[in-house]
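Dear colleague,

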Amino acid sequence: MNIGEERMEEEKHAIFIIRNKDGKYLQYDDIRWRSFLFLNCKIEDSFDRNQIKKFLWEKLGMDKDSISIRFLKDMVHQKISVPSNMEKKYHHYFYLVEFNLLKAMTKDKFKYQDISYQWFTMEELQKNKRIQEVNQDIVSYVENLMK
């Protein structure tokens, strides 16, 4: 570390890649980021299966025992955090999540626990100006992971 250089602490986040049978990706409307994002949560360890299942159950109401979670890859990078308007270092852990969709989740847009969700094709994610402004790095990474 150079003189005057601050050590930036990593924020660890699990990023959940959930696709439907049409190959669309589930996004939720994040009020703080003012954008649709992949479902995610802060984590302590790279793979705390119980914490992840609890989070997914709370956010989507799915049966914890029917969830399949597979770690894909991780990525460390820096980017501007929209809520804090400052650069942060993120350690993202990407997981492919599979489960039986509830009937309400088969619609293009739905709400659960006052959170708005929407299914997007990869092309729609890439063409959405706001998503690209705040989350282009994650969208590109997911696209490469899913090839």
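How many aromatic pairs does a search of the whole structure find? The search finds 8 of them, where rings of Phe, Tyr and Trp (its six-membered ring) pair if their centres lie within 6.5 Å, and where planes under 30 degrees apart count as stacked, over 60 as edge-to-face and the rest as tilted. Please keep in mind that this is a predicted model, in which local features need pLDDT of at least 70 and side-chain atom pairs count only at pLDDT 80 or more, while totals for chains, interfaces and linings use all residues. Residues are numbered from 1 along each chain as its sequence is written, and side-chain values use heavy atoms, with hydrogens and water left out.

One of the pairs is formed by Phe71 and Tyr93, whose ring centres are 6.5 Å apart and whose planes meet at 45 degrees, so this pair is tilted. Because Phe71 lies in strand E5 and Tyr93 in strand E6, the pair ties together parts that are 22 residues apart in sequence; strands here are DSSP runs (E, at least two residues), numbered from the N terminus. Phe71 counts as partly exposed at 40% relative accessibility, whereas Tyr93 is buried, with a relative accessible area of 7% (buried means under 20%, exposed over 50% and partly exposed in between, with a 1.4 Å probe and protein chains only).

Ile80 stands opposite Glu87 in E6, and the two strands form a hairpin with 4 residues between them, in whose turn Asn85 has a positive phi of about 55 degrees. Strand E6 (residues 86-98) is also joined by 8 bridges to strand E1 (residues 10-17), with the two running parallel, and the bridge partner of His13 in E6 is His92.

Finally, two loops deserve a look. Arg34, in the loop between strand E2 (25-30) and strand E3 (35-38), has a positive phi near 55 degrees although it is a residue other than glycine, and it counts as exposed at 55% relative accessibility. Gln113, in the loop between strand E7 (109-112) and strand E8 (115-120), is not a glycine either and has a positive phi of about 55 degrees.

How values were computed:
Two strands pair if DSSP finds at least two bridges between them.
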